[in-house]
Amino acid sequence: MIGLEIHVQLPTKSKLFCTCPNKTSDDPNSIVCPICLGMPGSKPATNRRALELACIAAKTLHCRPLEKTWFSRKTYFYPDLAKDFQITQFEAPIAINGYLDVDGKRVGISRVHVEEDPARAVHDMAPHQEYSLIDYNRSGVPLIEIVTKPDMNSPAQARDFLRMLLSELRYVGVVVEGEDLKVRADANISIEGGERVEIKNITGLRNLERALEFEERRQLKLEKAHMSVKRETRSFDEEKGVTIASREKEEEQEYGYIFEPDLPVYNLSSIVDKMAKPVTASEKAQEIAKKFNLPESDVRSLILDSKPLGELLEDIAQNVDPSRALRWISSVVKAEHYKHSEVSFSLIKSEIERVIAADSAGKLSDVVVKEAIKRIFETGEAGELTEIEEAEGELEKMISNILETEPNLLEEIRRQPKAINSIVGKIIKQSKGRYDSKKIFEAVQKEVEKRL
Ligand SMILES: [Zn+2]
């Protein structure tokens, strides 16, 4: 059984409780102020946009928002928090009890809450770890924490869940591109009947899967040797690919949460009422699938891959055969879009539509459509679309030409039927990939048979 606590940075302009810009810098301790340094007497004020983004995340994860929300102080003594407590949410998170479906598997979400990121501590700078360095640029950056139920059953499933979660949140603008490399998660994992082990602070999708795979093997090995798994907190060593027992973790209640007296209680429903609510990927997929009678899961995976591709599908499907549109946009258009990310759909949309419309009328072969779409991304235009009938006529002509100019080929085929392949090869070369090889083979066979 695997459960996750996921920390995602919110793309706000400023930090959570002060006006310092929310950005990174190579210059340590350059983006700080008395509030995010935790100076005595400094007073936090909540960034409203962070609460809005958290509400959008909660909606995307089908969570039930709480009417009222407030912040708490989570007290612990560690140099990454100069004020000795982290402002987070405990009793009254943003929302509770949601879920996310991943490949037919439903993973429960216990809660979504907002908190500030601590500073970054660097421990391995000094030769004998005589001292550590602290960079407060990250201190006070807004995070949402998403806590799942222990519903995942394999390391691969946990990775797929996290990837899907990030795609969904990216679609509604709660996370930005590239977050999959930076996302931080704590994972708890247990095998049936055994104790639960928590792996803290894993960075990125790939490491999450690696850490869980190692831990699963370690626990199974212990069980096989009739040794019990100890309930503990471990950390993941990215270089060695192993988990290591780390400092004993305090139980939640030992943190001594208290109400944060510097901040008010927020009425979430009034915040939600006033803000713009983006359509989630699931809602959009449902809408497009219903309108054009398309399989919802295919539409969802397309729009989660790329929002512009989803918009292109919605636009074009009105004027062409929608299933053809989905088919081409999910395959060749998608591949070319990734190759030529600089090409804007607004410039080439009409050409893509022209090609798919001709295909919808059954006039084009797959090879012609593929080539035309590639040309659109390279030159902006599809060029002339050779229709099937015309193309077949041209193919016939090409074969006749070869048979007339090289009559010895027919002699050869009479002796050895396999010699037909040499003609097929010549045509493939001459036609520069305009026809698929099966079609060429059939056409050559037909032309040869006429003459034998
Ligand atoms: Zn600040």
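# Burial, pairing and packing in a predicted model

User: Leaving aside neighbours within four places in sequence, which residues are in contact with Asn 201?

Analyst: With neighbours within four places in sequence left out, Asn 201 is in contact with Arg 184, Asp 186 and Ser 235. A contact requires C-beta atoms within 7 Å. The model is predicted. Asn 201 belongs to strand β12, residues 197–203.

User: Why is Asn 201 called partly exposed?

Analyst: Its count is 14 other C-beta atoms within 10 Å. Buried needs 20 or more and exposed needs 12 or fewer. The count of 14 lies in between, so Asn 201 is partly exposed.

User: How far apart are Asn 201 and Arg 234 in sequence and in space?

Analyst: The two residues are 33 residues apart in sequence, and their C-alpha atoms are 9.4 Å apart.

User: What makes Val 183 buried?

Analyst: Val 183 has 23 C-beta neighbours inside 10 Å. The cut-off is 20 or more, so Val 183 is buried. Val 183 sits in the loop between α3 (179–182) and β11. Beyond four places in sequence, Val 183 is in contact with Ile 6, Val 8, Leu 162, Leu 166 and Gly 204. Leu 166 is 17 residues from Val 183 along the chain, with 8.8 Å between the C-alpha atoms.

User: What makes β5 and β15 edge strands?

Analyst: Each of β5 (85–88) and β15 (258–259) pairs on one side only. They belong to an open sheet of 3 strands in the order β5-β4-β15, with antiparallel pairing.

User: How many bridges join β4 to β15, and why does that count as a pair?

Analyst: There are 2 bridges between strand β4 (residues 72–75) and β15. The definition asks for at least two, so β4 and β15 are a pair. In one of these strands, β15, Ile 258 is the bridge partner of Arg 73.

User: Which residues of the largest nonpolar core touch the most other members?

Analyst: The core has 102 residues, and Ala 54, Ala 57, Val 112, Leu 162 and Ala 187 touch the most other members. Helix α1 (residues 48–60) contributes the most to this core, with 8 residues. Outside four places in sequence, the contacts of Val 112 include Ala 54, Ala 57, Pro 93 and Ile 144.

User: Is His 62 buried, exposed or partly exposed, and what is its count?

Analyst: His 62 has 17 other C-beta atoms within 10 Å. Since 17 falls between the limits of 12 and 20, His 62 is partly exposed. Its phi is near 55 degrees, a positive value in a residue other than glycine. His 62 lies in the loop between α1 and β2 (64–65).

User: Why is Asn 293 called exposed?

Analyst: Asn 293 has 9 other C-beta atoms within 10 Å. The limit is 12 or fewer, so Asn 293 is exposed. Asn 293 is in the loop between α6 (281–292) and α7, and its phi is positive, about 55 degrees, although it is not a glycine.

User: What describes the packing of α7 and α9?

Analyst: Helix α7 (residues 296–305) and α9 pack at an angle of about 35 degrees, with axes 11 Å apart. The crossing is left-handed. Asp 298, Val 299, Leu 302 and Asp 305 of α7 meet Leu 326, Ile 329, Ser 330 and Lys 334 of α9. By class, these residues are 4 nonpolar, 1 polar and 3 charged.

User: Which residues of α10 are buried, and what do they pack against?

Analyst: In α10 (residues 345–360) the buried residues are Ile 348, Ile 352, Glu 353, Val 355, Ile 356 and Asp 359. They pack against α8 (307–316), α9 (322–339) and α11 (366–379). After α10 comes Gly 362, with a positive phi near 75 degrees.

Conventions
Residues are numbered from 1 along each chain as its sequence is written. This is a predicted model: local features need pLDDT of at least 70, side-chain atom pairs count only at pLDDT 80 or more; totals for chains, interfaces and linings use all residues. Helices (H or I, at least four residues) and strands (E, at least two) are DSSP runs, numbered from the N terminus. Two residues are in contact if their C-beta atoms, placed from the backbone, lie within 7 Å. A nonpolar core is a set of buried Ala, Val, Leu, Ile, Met, Phe, Trp, Tyr and Cys residues joined through C-beta atoms within 7 Å. Axes are lines fitted to C-alpha atoms, for helices over the stretch in contact, and angles run from 0 to 180 degrees between N-to-C directions. A crossing is left-handed if the near helix is turned anticlockwise from the far one by less than a right angle, and right-handed if clockwise. Ala, Val, Leu, Ile, Met, Phe, Trp, Tyr, Cys and Pro count as nonpolar, Asp, Glu, Lys and Arg as charged, and the others, Gly among them, as polar.
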